[in-house]
Each structure stands twice: as structure tokens, then as C-alpha cells.
Amino acid sequence: MSIDVNNESGTEVDEQAILDIARYALTRMRIHPLSELSVIVIDEDAMEQLHIQWMDLPGPTDVMSFPMDELRPPAKDDEEPPQGLLGDIVLCPEVAKKQGDEAPTRHSMDEELQLLTVHGVLHLLGYDHEEPDEKAEMFGLQAAIVDGWRAERGLTGPSPAPTVS
């Protein structure tokens, strides 16, 4: 799996953890191992510009996803996953820090960025949370992926609760 993490934010983030959890999520979702993903970490001003440009919403947001080839997980276990470009995930550490600080289960900015990375991967794979049933499916899958990744690394304590808007 080709995953690039590019930190343009000026904030120190755990880029290796972002890379690792993105790879874990894509493997768990059975995405072709030769597929490509880009993760870009930007500051609040740049995120606000993207948020206005693409969503017509004011202020910075936590994560945005820009799909390319609209890859989807295989529907059946014996189905071969397609190869392609997943797209871009854009993260904002300043918003992630605020969300981690304000979450019911307070957690670090890096833990929030890990959660947001999984959230972005799921959006690239066609998941959404506009409707209650979609939200339940996406957030359940997101929690399972984050919990599985944390368990594999021996990380203890509660995993971050979804704070994604």
C-alpha cells in the first residue's frame, strides 16, 4: 500500500501513527495492497479555505476527504479488491487538539488525528453519516478499526470517542 503523509501544518504530529492506522484501516477494509492514499496535514487557515471552497461552510474543520477512483471494499470474501487511487485525506491538528481536549474521554491531539484518519479513510470508501443508520454503521466501523489498531499495539485505556462533525 502506498501511503504518503505530508505535514504542512507547522505543528508536530505523530506521522508514523497516522501512516500506521491508515494502513491498518485499509487492510482491514480489504483494499488492494497496491492502492494509493495521500494524507495532508494543514493549519487552520488552509483548512478553513478548503472548507469554504468545497463545502461552502465557514471556519476550519477537522478532516476532509477527496476521493479519486471511488474504490469500495469487496462485497464478498472471495472477491478480488480493485486497485487504484483512493484519494486525499486532509487533517487539521489545531482542530483535532480542541476536539480531543473537549471530548468526554479527553485524549491527545495525536489520538484524535488517528481517529480522524480512520474517519477520512471510511469517507473515501463511500461511507457517510448523514442519516442515522449510516452514522451508526460508519461510527461503529470506525470504533472497531481504532480499537483493533490500539489493541494490536497494546495501548490501554478507552479509545477516543467519535468527535467528528
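In this predicted model, M55 is partly exposed, its relative accessible area being 48%. The residue belongs to helix 2, which spans residues 44-55.

D56 is placed in the loop between helix 2 and strand 3 (63-67). With 64% relative accessibility, D56 is classed as exposed. Its phi is near 55 degrees, a positive value in a residue other than glycine.

A positive phi is also found at R30, where the angle is near 60 degrees; R30 is likewise not a glycine. This residue sits in the loop that connects helix 1 (15-28) and strand 2 (36-41). R30 is partly exposed, at a relative accessible area of 28%.

Q99 lies in helix 3, residues 93-102. Its relative accessibility is 14%, and Q99 therefore counts as buried, the limit being under 20%. The side chain of Q99 forms a polar contact with the side chain of E112 at 2.7 Å.

The accessibility values are collected below.

| Residue | Relative accessible area | Class |
|---|---|---|
| D56 | 64% | exposed |
| R30 | 28% | partly exposed |
| Q99 | 14% | buried |

How values were computed: Residues numbered from 1 in each chain as written. Predicted model: local features only at pLDDT ≥ 70, side-chain atom pairs only at ≥ 80, totals over all residues. Heavy atoms only, no water. Helix = DSSP H or I, 4+ residues; strand = E, 2+ residues; numbered from the N terminus. Buried < 20%, exposed > 50% of the residue type's maximum accessible area, 1.4 Å probe, protein only. Polar contact = N/O pair within 3.5 Å; in protein donor to acceptor, adjacent residues only side chain to side chain.
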